[in-house]
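Here are my notes for you, as promised. Keep the model open while you read and check each point against it.

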Amino acid sequence: MTGLLATKPRRVDISALAQEALWQELELTPKPGLVDKLNNGAHRDMDHALFARSIAAITPWFSRFAELGAEHAAKDASEQLRLLRPMGIACEQAMYAATGGVNTHKGGIFALGLLCFAAGRVRDVTAHNLCQAVSAMCQGLVTRELAARAGAATAGERQFRQFGLTGARGEAESGFATVRHVLPYWNRRQLHETLLRLMAANPDSNLVSRGGMDGLRYVQRYAHQLLATGWDNAALEVMDRALIARNLSPGGSADLLSVAWVLGEC
């Protein structure tokens, strides 16, 4: 009996964890360059209330992503992204309707939507299995949507052409490699530490869009320095002011913090 219980697959409510992750990320304060309970970070079109409305609009979709994954679990991994995309777009439209057209959580919808969909597919819900499933679903995504494009119409395409950055697509195709790098340090009571570790390692496309590669390196060096020398809330508030002055927002790392919450808690 003990052996049977030991091999019983784990069923985790990833949709509930994804919802919790977005709230945890929003409420974390201070959060350098990002919207939190103190200020709007480096954003003029977003605030805490707007993010709260966005979360309320998109979180009902997470259980639908999981149900869709379960419905199509028998299909080949190469078909899964095509099946998921229409629902992902519908979730984005719900976000835009709630925010008046402001992109508050597009990256979060992409990453958490993939995790929820993967949770519906896998038999044993663990961080390892979810990351493997997402990676399998997204194989070839960078080549198809960045490398093979003739032009460079979007910010992501331009960054790939100029700097070789693969953004959210590359992170998903890697099975969230940046997040997995920080998971050994995971502690739900030390989210600031996790955020700094993500900021130090993540080639954040949001930072490149706002400040070029110099902006990205500035934030990575700053986060490395705080991790090496120690930090407290006062130090994070100083960093917040520095990023706001430079119009830098590490939004990609904020998205990955939500991913870290899901993977760390499942």
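1. Start with Y222, which is buried at a relative accessible area of 15%. Buried means under 20% relative accessible area, exposed means over 50%, and partly exposed is in between, with a 1.4 Å probe and protein chains only. Y222 sits 4 residues from Y218 in helix α13 (residues 205-229), so about one helical turn separates the two. Helices here are DSSP runs (H or I, at least four residues), strands are E runs of at least two, and both are numbered from the N terminus.

2. A word on what you're looking at. This is a predicted model, where local features need pLDDT of at least 70 and side-chain atom pairs count only at pLDDT 80 or more, while totals for chains, interfaces and linings use all residues. Residues are numbered from 1 along each chain as its sequence is written, and side-chain values use heavy atoms, leaving out hydrogens and water.

3. Now the rings. The structure holds 3 aromatic pairs; rings of Phe, Tyr and Trp (its six-membered ring) pair if their centres lie within 6.5 Å, and planes under 30 degrees apart count as stacked, over 60 as edge-to-face and the rest as tilted. One of them is F62 with F65, a tilted pair at 6.3 Å centre to centre and 40 degrees between the planes. F62 and F65 are 3 residues apart in helix α4 (residues 60-71), so about one helical turn lies between them. F62 is buried at 0% relative accessibility, and F65 is buried too, at 1%. Y218 and Y222 are another pair: their ring centres are 5.8 Å apart and their planes stand at 85 degrees, so this one is edge-to-face.

4. Which residues have a positive phi without being glycine? F176 is one, at about 60 degrees, and N247 is another, also at about 60 degrees. Most residues other than glycine have a negative phi, so these are worth a look. F176 lies in the loop between α10 (167-173) and α11 (177-182) and is buried at 2% relative accessibility. N247 lies in the loop between α14 (233-245) and α15 (251-265) and is partly exposed at 29%.

5. Look at the peptide bond between T29 and P30 as well: it is cis, with omega about -5 degrees. P30 is in the loop between α2 (14-27) and α3 (48-58).

6. Finally, zoom out. The chain has 15 helices and 0 strands, and 49% of its 266 residues count as buried.
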